[in-house]
Amino acid sequence: MGNDVENRKFERSQFFLVQQDNDFLPIWVFKPEDTPSGVLGVLVDVSKGGLQILMQKNILTEGQQFELSLINQIGGDETRLRPAIIDLVWSKDVGSTYTKGGFTFNSYSDHEIGILIAETFDNENKFMRCILRESNKLN
């Protein structure tokens, strides 16, 4: 029958196994209907210095700029944050399936970074779903 997923016209979701302590959590990230393009990911670490995102294996170029939008698929309140402009600083393959990217903030104030850190660490599983789109905004 072939691989039906690869024959889809539009990618609908991405499955991740996110490591937490000694376990792996299965995480589905569904692409919002109003956002047909972009790379789905899981925000796994954030600090004032930047953030790390686990995404499908991609060819990304250091210095590329993206717009990061958080996706609320667990329920509860939507994030209070506008999309962020972030710059790719490094990327590293994780196994044969994923790439982990390290990004710095380009457009967030210290206050907005603080809100993102608080929301990430208030989350029981310490991760957030997100989508990256290539940015046209160059600073």
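Arg-82 is partly exposed, with a relative accessible area of 39%, where partly exposed covers the range between buried (under 20% relative accessible area) and exposed (over 50%), computed with a 1.4 Å probe and with protein chains only. This residue of the predicted model forms a salt bridge with Glu-112, in which the closest N and O atoms are 2.8 Å apart; a salt bridge here is a side-chain nitrogen of Lys or Arg within 4 Å of a carboxyl oxygen of Asp or Glu. Because Arg-82 lies in the loop between E5 and E6 while Glu-112 lies in helix H1, the pair ties together parts that are 30 residues apart in sequence. Glu-112, at 14% relative accessibility, counts as buried.

The model is predicted, so local features need pLDDT of at least 70 and side-chain atom pairs count only at pLDDT 80 or more, whereas totals for chains, interfaces and linings use all residues. Residues are numbered from 1 along each chain as its sequence is written, and side-chain values use heavy atoms, with hydrogens and water left out.

## Overall architecture

The protein chain contains one helix and eight strands, which follow one another from the N terminus in the order β-β-β-β-β-β-β-α-β; helices (H or I, at least four residues) and strands (E, at least two) are DSSP runs, numbered from the N terminus. Of its 139 residues, 40% count as buried. The chain exposes about 8,500 Å², of which carbon and sulfur atoms supply 49%, the accessible areas coming from the Shrake-Rupley method with a 1.4 Å probe and, for residues, only the protein chains shown counting as cover.

When contacts (heavy atoms within 4.5 Å) are taken between residues at least 6 apart in sequence, 62% of them join residues at least 24 apart.

Strands E3 and E4 form a hairpin with two residues between them, and they pair in the antiparallel sense over six bridges; two strands are said to pair if DSSP finds at least two bridges between them. E3 also pairs with E8, again in the antiparallel sense, over five bridges. Val-42 has a bridge partner on each of these strands, namely Leu-54 in E4 and Arg-129 in E8.

## Nonpolar cores

The largest nonpolar core has 24 residues, and those that touch the most other members are Leu-51, Ile-53, Ile-86, Phe-103, Leu-116 and Leu-132. A nonpolar core is a set of buried Ala, Val, Leu, Ile, Met, Phe, Trp, Tyr and Cys residues joined through side-chain atoms within 4.5 Å. At least two residues of this core come from each of strand E3 (39–47), strand E4 (50–56), strand E5 (65–71), strand E6 (84–94), E7, helix H1 (110–122) and E8. H1 gives the most to this core, with four residues.

Apart from this core lies another, of eleven residues, among them Phe-16, Ile-27, Ile-71 and Ile-131. The C-alpha atom of Phe-16 is separated by 6.3 Å from that of Trp-28, twelve residues away along the chain. Trp-28 is found in strand E2 (residues 23–30) and, at 43% relative accessibility, counts as partly exposed.

## Arg-133 and Glu-67

The structure holds three salt bridges, one of which joins Glu-67 and Arg-133, with the closest N and O atoms 2.6 Å apart. This pair links distant parts of the chain, since Glu-67 is in strand E5 and Arg-133 in strand E8, 66 residues apart. Glu-67 is partly exposed, with a relative accessible area of 25%.

The side chain of Arg-133 is also joined to that of Ser-69 by a polar contact of 2.9 Å, a polar contact being a pair of N or O atoms within 3.5 Å; within protein, one must be able to donate a hydrogen and the other to accept it, and residues adjacent in sequence count only if both atoms are side-chain atoms.

Asp-93 forms a salt bridge with Lys-57, the closest N and O atoms being 3.5 Å apart. Asp-93 lies in strand E6 and Lys-57 in the loop between E4 and E5, so this pair ties together parts that are 36 residues apart in sequence. Both partners are partly exposed, Asp-93 at 44% relative accessibility and Lys-57 at 39%.

Asp-93 also makes a side-chain polar contact of 3.1 Å with the side chain of Thr-99. Thr-99, in strand E7 (residues 98–105), counts as buried at 1% relative accessibility.
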